[in-house]
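Morning, everyone. Please have the sequence and the model open.

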Amino acid sequence: QVQLVESGGGLVQAGGSLRLSCAAAGSIFSINAMGWYRQAPGKQRELVATITSNGGRINYADSVKGRFSISRDNAKNTVYLQMNSLKPEDTAVYYCNAEIVSILFSRPGNCWGQGTQVTVSS
């Protein structure tokens with residue numbers, strides 16, 4: 001069993017900050033890239049940020065660049081998303097994603113968390 005569990009979402013005022021965490025647990029040999037995606041009501045899920053296994057390459061959506069920061073702690077199998085200067089348009093369910101190498105999978109598997117709600121009021 002492999003699970004990704006997000007936490008840290010909530011309701012904040014525009015201009016505020018939140019820090020999301022996603023911890024992977026289970027039969028994990030290693031984790032390749034990790035990332036955050038979000039889905040607003042009535043919209044497609046979109047990429048927010050990704051980070052490679054050693055943190056050497058990071059990508060952000062243009063809409064969050066300069067405001068959000070992704071990081072990871074491999075000792076804890078955890079990825080973070082620091083969100084600053086939040087805007088109402090950031091309101092969405094945020095999902096953690098990870099490519100996980102496990103004895104349970106014949107090849108690296110793409111795993112998703114259950115999502116955490118982020119609501120930014122104007």
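Let's start with Ser102. Buried or exposed? Ser102 has 6% relative accessibility, and buried means under 20%, so Ser102 counts as buried. Keep in mind that this is a predicted model.

Where does Ser102 sit? Look in the loop between β9, residues 92–101, and β10, residues 109–112. Now follow the side chain of Ser102. At 3.0 Å, that side chain reaches the backbone nitrogen of Leu104.

Next, strand β8. That's residues 78–83. How many of its 6 residues are buried? The count is 5, so β8 is mostly covered.

Now the pairing. Take β3 first, residues 18–26. Strands β3 and β8 run antiparallel, and 6 bridges join them.

Then β7, residues 68–73. Strand β7 also pairs with β8 over 6 bridges, in the antiparallel sense. Find Asp73, and you'll see its bridge partner in β8, Thr78.

Strands β7 and β8 form a hairpin, with 4 residues between the strands. Which residue there takes a positive phi? Asn77 does, near 50 degrees.

One general point to take along. In a regular strand, side chains alternate between the two faces of the sheet.

To recap: Ser102 is buried in its loop, and β8 has antiparallel bridges to β3 and to β7. Thanks.

Key. Residues are numbered from 1 along each chain as its sequence is written. This is a predicted model: local features need pLDDT of at least 70, side-chain atom pairs count only at pLDDT 80 or more; totals for chains, interfaces and linings use all residues. Side-chain values use heavy atoms; hydrogens and water are left out. Helices (H or I, at least four residues) and strands (E, at least two) are DSSP runs, numbered from the N terminus. Buried means under 20% relative accessible area, exposed over 50%, partly exposed in between (1.4 Å probe, protein chains only). A polar contact is a pair of N or O atoms within 3.5 Å; within protein, one must be able to donate a hydrogen and the other to accept it, and residues adjacent in sequence count only if both atoms are side-chain atoms. Two strands pair if DSSP finds at least two bridges between them.
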